[in-house]
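Hello,

Here is the structure I promised to pass on to you.

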Amino acid sequence: MSDPFYVTTPIYYVNDAPHIGSAYTTIACDALARYHRARGQDTWFLTGTDEHGQKIEEAAIAAGRTPIAHADHFVARFQDAWKKLDISNDDFIRTTEQRHKDVVADIWRRLEAAGAIYLADYEDWYCVGCESFYTETQLVPGDAPGVFLCPDHKRPVQRLKEQSYFFRMAQYAQPLLDYIEAHPEFIQPDFRKNEVVAFVKAGLRDLSVSRRTFKWGIPVPGAPEHVIYVWIDALTNYMSALGGPGTAQYDKFWPQAVHVIGKDILRHHAVYWPTMLLAAGLPLPKTVFAHGWWTANGQKISKSLGNAIDPLGLAADVGVDALRYFLLRETSFGLDGDFSHDAFLGRLNSDLANDLGNLVHRCVKMTELYAGGVIPRLEPGAFEDHPVHGKLAALAIHARDTVAEHMERLQPTRALEALWELVRGGNKYIDDAAPWVQAKDPARAAELSHTVRHFLEALSWIALMVAPFMPKKAGEILDRLGVPGGPERLLRWPRAWGRELTSGQKVVPGEPLWPRLDDDRKAELKARWGVKPAVRKPDKGGDPKNDKQADKPADKSAGKAPQAAAAPPPGSISYDDFKKLDLRVAEVKTAEKVPKADKLLKLTLDLGGETRTVVAGIAAAYAAEALPGKKVIFLANLAPATIRGVRSEGMILAAGDEQVIGLSAIDCDVPPGTKVR
């Protein structure tokens, strides 16, 4: 763990306030940075703002401000938002800073010296909204002849011809493909890498990298009538924040750079940026990780649809850590996620109030009841072979190592899944050990002391491992355990069982970490967030504004009793129950027989950047060598189990009752990890 760690968010465009997407990216980077700091690594976490360009210039004029005043206004909003969301960035870069301008000019000169930039006329269709040129084949026809719309913004584009500097990007297509093949960790998840490779193989065009249509930007060295375009200006921030090539900070952190971005800017980071670095003779970042987009109840999030989600409002109402937890836990990092207020409140009640909050309350309360409120000694070697006591330490060590493995692989969702196995295991340990029974038998006093110390030790491990995700609540848990100090307490990782707590410390009781939300409170919160209550559909021909069908007899004949609503068929589940199933498309990578088990195969599955191992009873229907490459439907949130000594992390779906006759499948080719609804 000696290498430095450098993680970056994209720099956010200063034409709008922070939203759920930018909050998601920044919170994910924050969790990664906090984890690496806790592991003792020298860590640098960068975020910032993109402040140049025609859109900013035009928006500033419309608002009656100078471009820099316009940028200052929005930069303050981003900085305030990240402070409220407990973001621990080490630096905040602005593209209007002189330190940035200097490095951008240096990169330009390097490209120029390499012969990678040339001057030529450029004519094509231009969209101001995305600051991009398009060919006519890429556009959407408008309402009138000769009118075309941007494929992303659906707004009219304009025909522009101007003199521009070009970057010889096409020249670096094969070197980029060679680099990607030699560095499998460069683009993640894997299915995003496949997208990039396909795009590059389809042929690259040289890239226009200057503009003369606006002035709000960094002048081209030696040609100030041109402004350096966003592809060089914005992307260089990752280097300029370190001081640029040749500086000590750059030499230390740049080789370990991890760019975390949304999938919409993957091409810019995984094609434009690395080809420029190859041309300039500079090393490439270690990893570009593209995560998915958030929708809201299955719809694209937009102001026009009225379904925008305010992350600061959510955090103010239920706590910053609840929001951080939900965003990182609800959907696998790298895939698209769907934001539902019901799912958000459900996670708060189930995972936070019922699981972790309940564990904290039980541990502190039982320490008061059975140990006088003082942390007991942990006797080395005591009860190691006990069927209940011996399992908790092993579970904690397994969780610690698994959480670390997933965080190293940029998989915070999987890390939280592994951690919650320990949270639930802690509650189960208390149930199985039953200290309330031990307390009734004086002969079991030593065991009771051991039990109390065991569950307190587990809670301290949980606090340290949950700190990257929920730093405030992690600190509160350590407060309850009487651990002295400030934020520095969280900058460590669990070491050896029995060494995280000091015997004799007093626990500190307090209010529940997460009060459980009843139906009235949930309705109040949803009303505040603008969530419309569900409207019961009327019966045939009914008026939703005046639906009195429930008051009428089911039959029009007088005197007949109303019919009761039909009972659901036996064994039915609700739609809410179905939504709990996390079904995904998975691709079989490897398959092999499980020793001494005729019906079982051990499969390795690709979930789009995640790898799972499952044991499946399909050997009678499928030969192991026939399975690699098949796409199957996979239940991803089934509790892990050990089958014939193999840890199985989910279940593939198959047809057949007593015997499997076929695997579940889909009728088109979709990337591994895609959700199944």
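Below I go through confidence, helix packing, sheets, aromatic pairs and a few backbone details.

This is a predicted model, in which local features need pLDDT of at least 70, side-chain atom pairs count only at pLDDT 80 or more, and totals for chains, interfaces and linings use all residues. Residues are numbered from 1 along each chain as its sequence is written, and side-chain values use heavy atoms, with hydrogens and water left out.

Confidence comes first. The protein chain has a mean pLDDT (the predictor's confidence in each residue, from 0 to 100) of 88, and 91% of its residues reach 70 or more. Residues 539-565 have pLDDT below 50, and beyond near neighbours in sequence this stretch has eleven contacts in the model; contact means heavy atoms within 4.5 Å.

Now to the helices. Helices (H or I, at least four residues) and strands (E, at least two) are DSSP runs, numbered from the N terminus. Axes are lines fitted to C-alpha atoms, for helices over the stretch in contact, with angles from 0 to 180 degrees between N-to-C directions. Angles under 35 degrees count as roughly parallel, over 145 as roughly antiparallel, 65 to 115 as roughly perpendicular and the rest as oblique.

How do the axes of α14 and α15 cross? Helix α14 (residues 389-408) and helix α15 (residues 412-433) have axes that come within 8 Å and cross at roughly 170°, which makes α14 roughly antiparallel to α15. On the α14 side the contact residues include Leu392, Leu395, Ala396 and Ala399, while those from α15 include Ala415, Ala418, Leu422 and Tyr429. By type, the residues of this contact of α14 with α15 are 13 nonpolar, five polar and two charged. Here Ala, Val, Leu, Ile, Met, Phe, Trp, Tyr, Cys and Pro count as nonpolar, Asp, Glu, Lys and Arg as charged, and the others, Gly among them, as polar.

Ile20, Tyr24, Ile27, Ala28, Asp30, Ala31 and Arg34 of α1 meet Leu323, Arg324, Leu327 and Leu328 of α12. The residues in the contact of α1 with α12 divide into eight nonpolar, no polar and three charged.

On to the sheets, where two strands pair if DSSP finds at least two bridges between them. Strand β19 (residues 583-593) pairs with β20 (residues 601-606) in the antiparallel sense over six bridges. Thr590 faces Thr604 in β20, and Glu587 has Asp606 in β20 as its bridge partner. Five bridges join β19 to the antiparallel strand β22 (residues 631-635), where Leu583 stands opposite Leu635.

Another open sheet has three strands in the order β17-β16-β18, with mixed pairing. Strands β17 (299-300) and β18 (337-339) stand at its edges with a single partner strand each, so one side of each is left without a neighbour in the sheet. Strand β16 (residues 294-296) runs antiparallel to β17, joined by two bridges, and Ala296 stands opposite Gln299 in β17.

Strand β13 (residues 223-228) has antiparallel pairing with β11 (residues 210-211) over two bridges, and Ser210 stands opposite Ile228 in β13. Strand β12 (residues 219-220) also pairs with β13 in the antiparallel sense, over two bridges. The hairpin of β12 and β13 has two residues between the strands, and there Gly222 takes a positive phi near 85°.

For the aromatics, rings of Phe, Tyr and Trp (its six-membered ring) pair if their centres lie within 6.5 Å; planes under 30 degrees apart count as stacked, over 60 as edge-to-face and the rest as tilted. By this rule there are 27 aromatic pairs. Trp44 and Phe253 form a tilted pair, 6.0 Å centre to centre with 35° between the planes. This pair links distant parts of the chain, with Trp44 in strand β2 (residues 43-50) and Phe253 in helix α9 (residues 248-253), 209 residues apart.

Two backbone details remain. The peptide bond from Gln188 to Pro189 is cis, with omega near -10°, and Pro189 lies in the loop between β9 (187-188) and α6 (190-201). Asp86 has a positive phi near 60° although it is not a glycine, and its place is in the loop between α3 (67-84) and β3 (91-94).

Best wishes
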